[in-house]
Amino acid sequence: MRTLFLDALQGKPVSQTPVWIMRQAGRYLPEYRQTRSKFSDFMAMCRNAEACSEVALQPLDRYDLDAAIVFSDILTVPEAMGMKLQFISDKGPVFEKPLRTLQDIKMLDCKYAMEKLQYVMDAVSTTKKALINRVPLIGFSGSPWTLAAYMVEGQGSKQFTQLRKMLYSTPGLLHQLLADLSRVIVDYLDQQVKAGADAVMLFDTWGGMLSEKNYAPFSLNYMRQITSLLKARHPQVPVTLFTKGGGLWLDQLAKTGCDGIGIDWSIDIYRAREIVKDRLTLQGNLDPAALYGSDESITEQVKYILQSQKEYGRFVFNLGHGVYPDILPEKVKVMIDAVRKFGKKQIEN
């Protein structure tokens, strides 16, 4: 197995900067769209282990990447807990009945959720087998806060008014939901590791909407708890935390016990490294929109990011969020080729 990605997360010396892309298997690839066209809806594809394996490997066949990521969706967890989920064209994921009351939360099925998520474990094991140890496989989950955002609001939102209303009007109710989600997520990631995941990542997509005062109690502390419990079960498995818009809290994130922190483009890569030093691995942080630019501009921005890590040994190149659906695949190749060309030999800690 090519271990660049795992070695970088574990602080081992590597000869080349590893690279993978958030949402690397997705709509920007024509081969993905072809596979997706065979299924009536998105979740039907997610429940097909062979299809999940196929699309997870598609970007590896096209690009020189250092990791694969399980093909699934963060909202599989609330669906398994009993919420009816639909993916609606031009609207995205929508829950039929959002959570608003204590009774709503009490109706969630925490006890048998893992049984309903067996199809994800099948996708993990099928993908792991198909990889034939080419590169490591990343398992993942949404963070408790981010999952709660969709479950309370009912869908994606610019303001998440219902979620923030619950935070201020009935914080105890929200904490109960976050605690329930945390317990399920620990088991969910544990089972992904047992099925073959070599590393795991928590996506805190909506953590950046929280105030500085509220970030720790409503998001960070739950991710810290998940990291601790998972590390107790699988001390050798690297954990990466990613809060979109979380540049303010890098120092706090670095104290959670995680191995890596994903950063978006809202914080300069030099500033991010000044904060965390070489305590753990940074992952990021090219703005996905940079891939709309010229080949020359993409290459220059890749070089800037790599230069910022010249004195440090723990870095994984990535976008600052997922690749956009209308990005040209050829532009992604320009980025990856630049990482390969200018990626430095990293120093030993």
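**Strands, helices and turns**

Author: Gln86 has Val94, a residue of strand S3, as its bridge partner. The model is a predicted one, and the description below should be read with that in mind. Strand S2 (residues 85–88) and strand S3 (residues 92–95) run antiparallel and are joined by four bridges. Together S2 and S3 make a hairpin, with three residues between them. In the turn of that hairpin, Asp90 has a positive phi of about 65°.

Now to the open sheet. This sheet is formed by seven strands with parallel pairing, in the order S1-S4-S5-S6-S7-S8-S9. The partner of S1 is S4, and the two pair in the parallel sense over two bridges. In one of these pairings, Ile69 has Ile138 in S4 as its bridge partner. Helix H11 packs on the sheet, where it touches S4 and strand S5 (199–204). The direction of H11 makes about 165° with that of S4. Further along the order, strand S8 (residues 281–286) holds Asn285. The peptide bond that leads from Gly284 to Asn285 is cis, and its omega is near -15°.

H11 also meets another helix. The axis of helix H10 (residues 161–169) comes within 5 Å of the axis of helix H11 (residues 171–195), and the two cross at roughly 115°. That angle makes H10 roughly perpendicular to H11. On the H10 side, the contact involves Leu163, Met166, Leu167, Tyr168 and Ser169. These meet Pro171, Leu173 and Leu174 in H11. Sorted by class, the contact of H10 with H11 holds seven nonpolar residues, one polar residue and no charged ones.

Next comes helix H9. Ten of the ten residues of H9 (residues 144–153) are buried, so the helix is largely enclosed by the rest of the structure. Among the buried residues are Pro144, Trp145, Tyr150 and Glu153. Just after H9, Gly154 has a positive phi of about 95°.

The side chain of Thr76 reaches the backbone oxygen of Asp73 at 3.0 Å. Leaving out residues up to four places away in sequence, Thr76 touches Met43, Leu117, Tyr119, Val120 and Tyr188.

Two loop residues remain. Arg23 is in the loop between helix H1 (4–9) and helix H2 (30–36). Arg23 has a positive phi of about 60°, although it is not a glycine. With 43% relative accessibility, Arg23 counts as partly exposed. Ile132 is in the loop between helix H8 (118–131) and strand S4 (137–142). Phi of Ile132 is near 50°, again a positive value in a residue other than glycine. At 69% relative accessibility, Ile132 counts as exposed. The loop that holds Ile132 leads back to S4, the strand that pairs with S1 and is touched by H11.

Conventions:
Residues are numbered from 1 along each chain as its sequence is written. This is a predicted model: local features need pLDDT of at least 70, side-chain atom pairs count only at pLDDT 80 or more; totals for chains, interfaces and linings use all residues. Side-chain values use heavy atoms; hydrogens and water are left out. Axes are lines fitted to C-alpha atoms, for helices over the stretch in contact, and angles run from 0 to 180 degrees between N-to-C directions. Angles under 35 degrees count as roughly parallel, over 145 as roughly antiparallel, 65 to 115 as roughly perpendicular and the rest as oblique. Contact means heavy atoms within 4.5 Å. Ala, Val, Leu, Ile, Met, Phe, Trp, Tyr, Cys and Pro count as nonpolar, Asp, Glu, Lys and Arg as charged, and the others, Gly among them, as polar. Two strands pair if DSSP finds at least two bridges between them. A polar contact is a pair of N or O atoms within 3.5 Å; within protein, one must be able to donate a hydrogen and the other to accept it, and residues adjacent in sequence count only if both atoms are side-chain atoms. Buried means under 20% relative accessible area, exposed over 50%, partly exposed in between (1.4 Å probe, protein chains only).
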